[in-house]
Amino acid sequence: MTGAWGEARMVELARRLRKAETGGWSGPELRTVAEGLGWQWQDGPAGPRLVTGTDAEASSRWAPRLRLVDRFEKDYVHGGQEYVGLYVPVALPEDGAVGKAAAFRAVAEMLTQEFGPAPVMGAYGDPGPFYDSAPLWGSPFLRWRERENTLELHAGEHGPELLLQPTDPVEDWFWRQGHGEHYALGGFFGSRPVSANAGLGYPGRWRTDDWDVFSRALGNFLDTLPAETHALGIELDLGFHALVPGTYGPILFHLVCGERLEIVYEPVRTGEGIADPSSFGWIPHTTRPAVLDHWLEAPYHSGDFGIGEVDGRRLARMMVDTLRDLGVASPEDLSLSDHAQQVGDYHVDYYGLTLQENP
C-alpha cells in the first residue's frame with residue numbers, strides 16, 4: 001500500500017482508540033487522549049490542532065483532526081459534548097479511486113482479523129453524517145460499534161481513516177433522517193444480528209413516484225458502487241421487479257457489483273410500440289456477451305465497469321427509459337428480488353436506491 005502506516009502500527013493505534021477513555025467528549029478529556037497517543041495539542045482560533053511527532057505526518061493530509069460540535073452537530077449531542085469525532089488518516093494512496101478502494105480494503109482486512117467482522121457496514125452516499133458531502137471516490141464505512149464509543153474505518157477524501165466517535169450523535173442523526181423527503185439518505189446500510197447492535201435504530205426509507213427523481217437517485221447510487229463494494233469486500237446481487245402492464249411484475253434487470261458492475265436486461269414485451277433495447281444503449285448478447293455471472297439469462301447487458309469507470313447517470317437513464325417505454329407507471333412499481341437485502345451476514349437497506357425486497 002503506497003503512503004500507508006505499517007500494519008502493526010496501524011492495528012496498535014486502532015486498539016488504543018477503542019480503549020480510549022473519552023468520558024463526555026469534552027476538550028480536557030480529548031486532550032488527555034491525544035497526548036496519551038503521543039500527539040501535541042495546540043490551541044488556535046479555529047479550534048485545537050493535533051501535531052504528531054514526525055515531519056511527514058505533520059502535513060495536512062496526514063494530521064489527525066478533531067470535529068467540534070458546530071451548527072450541524074449541536075442538535076444530536078447531549079451532556080456537554082464538545083466533539084463528535086477524532087479522525088486519523090492511515091493511508092494516502094496515489095492512484096486515484098482504485099488505490100483508495102484497495103487501501104481501504106487492505107486496512108479493513110487487518111481490522112477484521114484483529115476485531116472480528118464489523119457489526120455495521122455500508123456506504124453513506126449523500127448526505128453523510130451531519131450533512132457532509134461524500135468523498136468523490138466513494139463513501140464506504142465499517143463500524144465496530146460499542147455502547148459509548150464507536151471505532152469506524154471511514155472513507156476520507158484522500159483515503160481511509162480511523163474515526164473514533166461517540167455512538168449516540170451519529171446514530172441519532174441517521175435515525176432522524178428517516179422523514180421520507182427526497183434524497184434524505186443515500187448509499188446503503190447493513191447490520192449483523194449481534195449483541196453489539198442492541199438498541200440500533202433504523203430510519204424509514206424514502207420513495208418517489210417521479211421518474212426524474214428516481215433516475216437521479218439511481219445514478220448517484222451507481223456512480224461509485226464498484227469502489228464501495230470492493231473496499232468493503234462484498235458483492236451486491238440485485239434483481240429488479242417491475243410491474244409491466246399485463247404482467248405480475250417480472251424481474252427485468254439483474255445487477256451484479258463486486259470489483260466490477262454489470263446489469264443485464266430481459267425484455268418481457270416486444271413488438272409494435274416497443275423500442276429496440278439497443279436504442280437505449282443495451283448491448284445484445286450476440287454482439288458481445290456479458291462478462292460477469294448472472295442468474296438471470298438475458299439477451300442484453302449494459303457492459304461491465306470497474307472502479308472509476310461508471311457513468312451512473314447514463315446507466316440510470318438507460319434503465320428508466322426502458323421502464324417507461326414498457327409502460328411501467330411509476331418507480332413505486334419497482335421492487336427488489338428475494339434475498340437482495342441479505343449480503344453475507346448483513347441485512348442491508350438500500351436507502352439511496354429507494355427500493356426493498358418484495359414483502
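Glu152 is buried, with a relative accessible area of 0%, where buried denotes under 20% relative accessible area, exposed over 50% and partly exposed the range in between (1.4 Å probe, protein chains only). Its partner is Arg143, and the two side chains meet in a salt bridge at 2.8 Å, N to O, a salt bridge being a side-chain nitrogen of Lys or Arg within 4 Å of a carboxyl oxygen of Asp or Glu. Arg143 is likewise buried, at a relative accessible area of 4%.

The structure is a predicted model, in which local features need pLDDT of at least 70 and side-chain atom pairs count only at pLDDT 80 or more, whereas totals for chains, interfaces and linings use all residues. Residues are numbered from 1 along each chain as its sequence is written, and side-chain values use heavy atoms, with hydrogens and water left out.

By the rule stated above, the count comes to 18 salt bridges. In one of them the side chains of Glu171 and Arg145 meet at 2.5 Å, N to O; Glu171 lies in helix H4 (residues 167-176) and Arg145 in strand E6 (residues 140-145), so the pair ties together parts that are 26 residues apart in sequence. Here helices (H or I, at least four residues) and strands (E, at least two) are DSSP runs, numbered from the N terminus. Both Glu171 and Arg145 are buried. Glu12, Arg15 and Glu114, in turn, are linked in a network of salt bridges.

For the chain as a whole, seven helices and 17 strands are found, and buried residues make up 55% of the 359 residues.
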